[in-house]
Structure formats: structure tokens, C-alpha cells
Amino acid sequence: MSISYYQLATQSTIRVLNNLDHLIDMAIVFCAERKIDESVLFNDRLAPDMFPLSRQVQLVSDMTKGCAARLAGIEPPSYADTETSFEQLKERIRKTVDFIATLKESNFTDCEKRDIKLPWYEDALPAEVFLLQHALPNIYFHIATAYNILRHNGVPVGKRDYLGKI
């Protein structure tokens with residue numbers, strides 16, 4: 001059995017989004033138990049030149065919906081980056097999962113033959129390069145960074161929380 005573009009762009013990214021939602025749930029509980037204002041974690045970053053947790057979550061959302069939409073040959077929906085709470089980030093994740101779930105395997109027919117044009121790249125990328133060298137690495141980078149921000153702040157997240165149930 002071979003793995004399809006559809007599976008990689010939808011099923012694996014929905015899994016990542018659900019795992020990220022779980023990590024945010026753990027952050028909410030952590031803040032409530034320790035009487036820490038959510039904004040402390042929401043705005044924290046690992047280094048001064050890195051994005052804060054909120055932006056990491058927004059980027060996971062953007063990358064997952066963009067990956068699936070572009071491979072399906074449609075324009076990804078645009079979301080304003082206006083979230084100011086964990087609940088709003090969770091809503092963004094839900095909205096992203098709902099969008100990706102609307103895509104059918106038939107949307108990905110012959111997608112491997114597509115060239116993917118990104119607004120910030122001069123040249124179009126072959127679908128395989130887009131998926132394996134751009135989209136998936138970025139998705140995993142930003143979720144790992146979100147995980148590390150939470151872990152660095154003492155939220156008791158572990159590898160199984162990051163990976164989710166298998």
C-alpha cells in the first residue's frame with residue numbers, strides 16, 4: 001500500500017492539529033491550577049527573535065490548510081491573525097480541521113503533476129517538493145516550537161502528548 005498526497009495533506013495534518021489542540025488544553029489547565037494569566041504563555045517565545053506561542057499556532061493552522069488546499073488545487077481560506085486567548089486559538093484549530101475535512105480524495109487526483117505557486121517564492125514548486133520539502137517540515141517545526149514553549153514554561157507536556165494516540 002502506498003501513501004497518498006491526500007493522506008499526507010489531510011489525515012496527517014488533522015492529526016497534528018488535534019494534538020496541538022490537546023497541548024493547548026494542557027496549557028489552559030496549567031494556567032488555571034497555578035493562577036497564571038494565560039497571556040503569559042500565549043505571548044511567550046523561546047528566543048527574542050522567534051515568534052510567540054500564539055503565532056506558532058497560527059502558523060500551524062496556516063501551513064496545514066495551505067498545504068491541503070494547494071494540493072487540492074484550490075485557494076486556501078484566509079484567517080485574520082487576531083486571536084488573543086487560548087480559546088480563540090482552539091476555535092481557529094477547529095475551523096482549520098473543519099476546512100481540511102471538507103476535502104475529498106478526488107480533490108487530489110493528479111495533484112502530483114501540479115506545480116504549486118507560493119506568493120513569496122519566485123518559481124512554482126513541483127507538488128512533491130512543496131509537500132515534502134516545504135509544507136510538512138514547516139508544519140512540524142511550528143508545532144514542535146509550540147510544544148517546546150509550553151514545556152519550557154513548565155506545562156507537563158510529554159512526547160506522547162506531542163505525538164498523540166496511535
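A residue is called buried when its relative accessible area is under 20%, exposed when that area is over 50%, and partly exposed in between, with a 1.4 Å probe and protein chains only. At 75% relative accessibility, Lys35 therefore counts as exposed. The model is predicted, so local features need pLDDT of at least 70 and side-chain atom pairs count only at pLDDT 80 or more, whereas totals for chains, interfaces and linings use all residues. Residues are numbered from 1 along each chain as its sequence is written, and side-chain values use heavy atoms, with hydrogens and water left out.

Helices (H or I, at least four residues) and strands (E, at least two) are DSSP runs, numbered from the N terminus. Lys35 is placed in the loop between helix H1 (5-34) and helix H2 (38-42). Its phi is near 55 degrees, a positive value in a residue other than glycine. Asp110, in the loop between H4 and strand S1 (115-116), also is not a glycine and has a positive phi of about 60 degrees. Asp110 counts as partly exposed, at 41% relative accessibility.

Helix H3 comprises residues 53-72, and helix H4 residues 86-102. H3 is mostly covered, 18 of its 20 residues being buried. After H3 comes Gly73, with a positive phi near 80 degrees.

The axes of H3 and H4 come within 10 Å and cross at roughly 5 degrees. Such axes are lines fitted to C-alpha atoms, for helices over the stretch in contact, and angles run from 0 to 180 degrees between N-to-C directions. Angles under 35 degrees count as roughly parallel, over 145 as roughly antiparallel, 65 to 115 as roughly perpendicular and the rest as oblique. H3 and H4 are therefore roughly parallel to each other. Where contact means heavy atoms within 4.5 Å, residues of H3 including Leu53, Val57 and Ala68 meet a set in H4 that includes Phe86, Leu89 and Ile93.

The cysteines remain to be considered. A disulfide is a pair of cysteine sulfur atoms within 2.5 Å, and a search of the whole structure finds 0. The sulfur of Cys111 lies 9.3 Å from the closest cysteine sulfur, in Cys67, which is too far for a bond. Cys111 is buried, with a relative accessible area of 1%, and Cys31 is buried at 3%.
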